[in-house]
Amino acid sequence: MKRKSWMIPLVILVLLLGAFFIYTGIYYHAEPSAQKALESGGTVTVTQTECGWLFDGPSERDALIFYPGAKVEETSYAPMLRTLAEKGIDVFLVRMPFRLAIFGKNLAGGIRSSYPYDRWFIGGHSLGGAMAADYAAEHDDFDGTVLFAAYPTKQLPKDDLEIVIYGSEDGVLNMEKLEKGRAYAPVRVRELRIEGGNHAQFGNYGIQSGDGEARISAQRQQEETAEFISAVISENR
């Protein structure tokens, strides 16, 4: 009887671990266009870091730490982040454990301590944005948060800058929670609703379950996003 009672929780644990690995093993894969954006060229040098990639453009002052969305291959965001680097904001793309930012929320700390930028921003897409906002709420040494189809659930530092971007056709983002998230915003908030954009097109990983159908291309959505972020950060120097 003792052996049987000992085996039952072990079997349950094995089943739970198996279910977890099956769940995390199914994810959205980066399209070929995303892989190409990882190649250095023009004004942007792309290098691998200890926990992801650095898109190093002409900026010497401003940097963004970017957390990817849940169950999305992180390199899917390379085209958008490369465009942002071209516009003067270097970007650190973080590779999350199990492709879930909830397990790597604190990775920003090691990045910050390793590079000498004057101004630091943190952000991300969907769950990645929520976790980035959580980290920013707990650390008052960032200059702002950049939320792609995401919202904060804790009070952000009052002196920070918050940039919120989402698509008009987003079928994944909970608009009610987005509205509630405004209660946790700092004094300075800039928001962009991209007409025709949806949830998935901040990255290049194809159609996401439950999302609305975009009326613009992913390239256009990403260019509008990068242009807006660059302009807002420049205005708030």
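1. Ground rules. This is a predicted model in which local features need pLDDT of at least 70 and side-chain atom pairs count only at pLDDT 80 or more, while totals for chains, interfaces and linings use all residues. Residues are numbered from 1 along each chain as its sequence is written, and side-chain values use heavy atoms, with hydrogens and water left out.

2. Salt bridges, and one to look up first. The structure has 15 salt bridges, each being a side-chain nitrogen of Lys or Arg within 4 Å of a carboxyl oxygen of Asp or Glu. In one of them, Lys-154 meets Asp-134 at 3.8 Å, N to O. Lys-154 sits in the loop between β6 (144–148) and β7 (161–167) and Asp-134 in helix α5 (residues 127–138), so this pair ties together parts that are 20 residues apart in sequence. Helices (H or I, at least four residues) and strands (E, at least two) are DSSP runs, numbered from the N terminus.

3. How covered is that pair? Asp-134 is buried, at 9% relative accessible area, whereas Lys-154 is partly exposed at 33%. For these words, buried means under 20% relative accessible area, exposed means over 50%, and partly exposed is in between (1.4 Å probe, protein chains only). Both residues also belong to a salt-bridge network that links Lys-105, Asp-134, Glu-138 and Lys-154.

4. A bridge between two loops. Glu-169 pairs with Arg-215, and their closest N and O atoms are 3.1 Å apart. This one links distant parts of the chain, with Glu-169 in the loop between β7 and α6 (175–181) and Arg-215 in the loop between β8 (188–194) and α7 (218–235), 46 residues apart. Arg-215 counts as exposed, at 56% relative accessibility, while Glu-169 is partly exposed at 24%.

5. A bridge within a helix. Glu-224 and Arg-220 form a salt bridge too, with 3.0 Å between the closest N and O atoms. The two are 4 residues apart in helix α7, so about one helical turn separates them. Glu-224 is partly exposed at 26% relative accessible area, and Arg-220 is partly exposed at 43%.

6. Helix α5. Of its 12 residues, 9 are buried, so α5 is largely enclosed by the rest of the structure. Asp-134 is one of the buried residues, and others include Gly-128, Met-131 and Tyr-135. What do the buried residues of α5 pack against? They pack against β3 (62–67), α4 (108–112), β5 and β6.

7. Helix α7 and its partner α3. α7 has 18 residues and reaches 26 Å from first C-alpha to last, close to the 26 Å expected. Its buried residues, among them Phe-228, Val-232 and Ile-233, pack against β3, α3, β5, β6, β7 and β8. Helix α3 (residues 78–86) packs with α7 at an angle of about 35°, with the axes 9 Å apart. Here axes are lines fitted to C-alpha atoms, for helices over the stretch in contact, and angles run from 0 to 180 degrees between N-to-C directions. Pro-79, Met-80, Thr-83 and Leu-84 of α3 make the contact with Gln-222, Thr-225, Ala-226, Ile-229 and Ser-230 of α7. Contact means heavy atoms within 4.5 Å.

8. Ile-122. This residue is in strand β5 (residues 119–125) and is buried, with a relative accessible area of 0%. Beyond residues up to four places away in sequence, Ile-122 touches several others, including Leu-64, Tyr-67, Ala-132, Tyr-135 and Val-146.

9. Gly-69. Where does Gly-69 sit? Gly-69 is in the loop between β3 and α3 and is buried, at 3% relative accessible area. Leaving aside neighbours within four places in sequence, Gly-69 is in contact with Tyr-77, Arg-99, His-125, Ser-126 and Gly-128. Met-96 is 27 residues away along the chain, with 9.5 Å between its C-alpha and that of Gly-69.

Methods
The expected span of a helix is 1.5 Å times one less than its number of residues.
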